[in-house]
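Biologist: I am new to reading models, so please take a close look at one part for me: the open spaces. Then show me what surrounds them.

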Amino acid sequence: MKTKFIKAFSLAILTVLCITTARGNGPLTKTNPLSKETKIEKKIDSLLHLMTLEEKIEMLHGNGTFTSAGVKRLGIPDFTSADGPLGVREEIVRNGWAAANWTTDSATFFPNGSALAATWNPKLAFRYGEAIGEEAHARNKNMLLAPAINITRTPLGGRTFEYMSEDPLLNGRLAVAAIQGIQTQPVAACVKHFALNNQETERGLINVEVSERALREIYLPAFKAAIQEGHALTVMAAYNKFRGVYCAENDYLLNKILRGEWNFKGLVVSDWGGVHSTIGTGNTGLEIEMGSSGSYDKWYMATPLLDAVKAGKVSMTAIDAKVVRILRVMLQTSMKKNVIAGELNTPKHYKTAYDIASESIVLLKNEKQLLPLNSARIKSIAVIGDNATRRFASGGFGAGVKTKYEITALKGLENKLGKSVSIQFAQGYSAKMNRDKKVTTPDPKLITDAVELARKSDVAIIFIGSNRIYEEESIDRSTLELPFNEQALVNAVTAVNPNTIVVVVAAAPYDLNEIKKNNHTIVWSWFNGSEGGNALADVLIGKVNPSGKFPFTFPVKLDDSPAHALNTFPGENQKADYKEGILVGYRWFDTKNIDPLYCFGYGLSYTTFTYSALTTNQRLYSKDEKISVTVKVKNTGKIAGKETVQLYVSHLKSTVLQPEKELRNFQKILVNAGKESLVKMELNVNDLAYFDETSNKWVVEPGTYKIMVGSSSKDIRQTTEITIK
Ligand code: BGC
């Protein structure tokens, strides 16, 4: 009786609920509103039905250097973009490349890509993204052309400064965080350049051939993470060809992998001038053509595309699919409602730039404990070298930032020590060069003056390296040699002042053999953003304990690097065959037993760390399980410091070629003096898979794997073994 009553009662309640729900105003509707995604898809659908073919075609190509059309009568605004990654690029005229000469377009200059990577700190990458996203939004940019995440395949690569690392995991972690930061704003991150833009030489023509395994294990993982974990809304296709087909219309890259396997729902934009066909791009290629030449209506994706549709050579379905993707991005950016305004140049943004810079600086050598400088005992400092007074926000081909300010190294030292120490400057070398980047005849007087100043100063700090003209987009470097006669300057100054510190300001590997051998104190800094000089000075005086680690390998000589050893750079007959396969960067050096000058992950601190008690939660694992690794890290010095604990894995008895070791996780931690931290890192057994070309699948081989934890790729402190069933 009782149960019968309960049943009848429940049925009545359920009926009421169903009725109210069906009417759409009941309690269930309230707790289950249309999801954001469904609303967006509905809106796209309704807009698409209202658009003419001509209006759709208008959306598929630029109508300005950095804009493409919306549909005014339907309330769809133009879609706007700006470069990163160094900061939001200054405003340029709508139809050209000249500066628009605005007075309101200055922005924060953030440390370059390899500097950000040297922090090994995804939290900083997120803050970078958030700040640059806010600035892009304040400048009314809907798409920010960053981050740039191609793999550093050769140390000579012209865009090494913009890119991050030779390692796919480090690259991906930072990219994901940066994208998530950017997209806290109504701004689409645009990850570039998809894919295999690893050299500038003939970048618009070169055909890259790479094994499927290397593609999957080295060149694509960061892009995959950017889409699947970072949820990047847009992707920029690279200039080059891949397996004979331009990236802008590469069916394999764009359809099979990006849209198919990775389920990417956003839009693909071309690199500027990177579209080469109407029918190919129309049918299998990207959504928006940018940067082509000639009048906009003549571009591949303009009137020629309209004609191709009318002639039945490109399907209406293909056009609609593109428009849908563009609208999907627009509805989350340019058409998003109720957004909070962005901000430019806030103290918070400059603090972010400072924090990144101060964690990116790499201490290479401090043999005499000259650093941190003991300012109480120093009365005079000779600051020497063109890079001490140079700014890096712009210069050279490619995107720069018209920054509100940039603290030079000299200014930073004056800011921090100027009251108590006499600081004098000598230029040391001239960075003038001709068009082939050959340095104009060195001026011996500059060295003599620098030597005189160094001789009478307590400490000499020489700022050498490169600059934004020497390292630039569109051209690879021709040598690893330090430019501008810098080695002669270093030798001359070092000979007269025993307290000489060498600071290299550059963003890619250089030949530091002689300096490493002859100098006791070496610091590496980068194109380090608006606050670069303050951060560097704080490292030199010990206010900041350096914690940067190299995101790529420095070879002893160029031919030690894989692409050069195998003579596959820059390729022949417009073909670059990546013969080194998966052995890129440290994977090559370690596997081939070649000692680098500075290894991947290298960087010292003013304190020291010891590692102990490496353990895994199990010894034996099956697929789909998680491996939990713990290790104790103790700060054995006298000051607090940050350490990047790096976890590498190798498969000892694989049936296929495996690198000696591969980075599988890392964690940056702060440890106070004398304290010990328990560091816990996880990895999935599935992350240990290699890409099997026969089955075209990721395969985890059973067997014994070596787990290595250390302070750099060559400084492994603890090892253990696990077995995969
Ligand atoms: C670069 C892109 C950049 C575009 C627009 C191209 O030369 O390769 O990275 O976003 O120009 O400035």
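Modeller: Start with a sorting rule. Ala, Val, Leu, Ile, Met, Phe, Trp, Tyr, Cys and Pro count as nonpolar, Asp, Glu, Lys and Arg count as charged, and the others, Gly among them, count as polar. Keep in mind that this is a predicted model.

Apply the rule to the second largest pocket. Its volume is about 810 Å³. It has 28 lining residues, and the closest to its centre are Lys 36, Ile 40, Leu 233, Arg 328 and Gln 332. Sorted by class, the lining has 11 nonpolar, 8 polar and 9 charged residues. H3 gives the largest share, 6 residues.

The domain assignment lists domain 1 (1-33), domain 2 (34-77 + 266-331), domain 3 (347-552) and domain 4 (608-724). The C-alpha centres of domain 2 and domain 4 are 46 Å apart.

Next comes the largest pocket. It holds about 940 Å³ of space. It is lined by 30 residues, with Leu 169, Pro 221, Glu 229, Arg 664 and Asp 687 closest to its centre. Several elements give two or more residues: helix H7 (168-182), helix H8 (212-219), helix H9 (221-228), S22, strand S23 (676-684) and strand S25 (697-699). H7 gives the most, 5 residues. By class, the lining divides into 13 nonpolar, 5 polar and 12 charged residues.

Two loops touch elements of that list. One lies between strand S4 (143-145) and H7, and Pro 147 sits there. A cis peptide bond joins Ala 146 to Pro 147, with omega about 0 degrees. The other loop runs between strand S24 (690-692) and S25, and Asn 696 is found in it. Asn 696 has a positive phi, near 60 degrees. It is partly exposed, at 47% relative accessibility. Why point these out? Most residues other than glycine have a negative phi, and most peptide bonds are trans.

There are further cases of each. Gly 84 and Pro 85 are joined by a cis bond too, with omega about 5 degrees. Pro 85 lies in the loop between strand S3 (79-83) and H5. Glu 202 has a positive phi near 55 degrees. It is in the loop between strand S5 (188-194) and strand S6 (207-209). At 36% relative accessibility, Glu 202 is partly exposed.

Go back to S22, one of the elements lining the largest pocket. The structure has 29 aromatic pairs. One of them joins Trp 120 and Phe 666, edge-to-face, with 5.2 Å between centres and 85 degrees between planes. Phe 666 is in strand S22 (residues 662-671), while Trp 120 is in the loop between helix H5 (113-119) and helix H6 (122-138), so this pair ties together parts 546 residues apart in sequence. Buried or exposed, these two? Trp 120 is buried, at 0% relative accessible area. Phe 666 is buried as well, at 5%.

Another pair is Phe 552 and Phe 554. Their centres are 6.1 Å apart and their planes meet at 35 degrees, so the pair is tilted. Phe 552 is buried at 1% relative accessibility, and Phe 554 is buried at 0%. Both belong to one aromatic cluster, along with Trp 524, Trp 526, Phe 550, Tyr 598 and Tyr 602.

Of its 15 lining residues, Phe 392, Ala 409, Trp 526, Gly 532 and Gly 533 lie nearest its centre. Its volume is about 120 Å³. The search finds 8 cavities of 30 Å³ or more in the whole structure. Helix H19 (residues 532-541) gives the largest share of the lining, 3 residues. The classes here are 6 nonpolar, 7 polar and 2 charged.

Definitions and conventions. Residues are numbered from 1 along each chain as its sequence is written. This is a predicted model: local features need pLDDT of at least 70, side-chain atom pairs count only at pLDDT 80 or more; totals for chains, interfaces and linings use all residues. Side-chain values use heavy atoms; hydrogens and water are left out. Rings of Phe, Tyr and Trp (its six-membered ring) pair if their centres lie within 6.5 Å; planes under 30 degrees apart count as stacked, over 60 as edge-to-face and the rest as tilted. Helices (H or I, at least four residues) and strands (E, at least two) are DSSP runs, numbered from the N terminus. Buried means under 20% relative accessible area, exposed over 50%, partly exposed in between (1.4 Å probe, protein chains only). Domain bounds come from an automatic or database domain assignment. On a 1 Å grid over the protein atoms alone, a cavity is a set of points where a 1.4 Å probe fits but cannot get out, and a pocket is an open set with protein on both sides within 12 Å along at least five of seven lines; lining residues have an atom within 4 Å of a point. Grid points are joined across faces, edges and corners, and a volume is the space filled by probe spheres set on the points.
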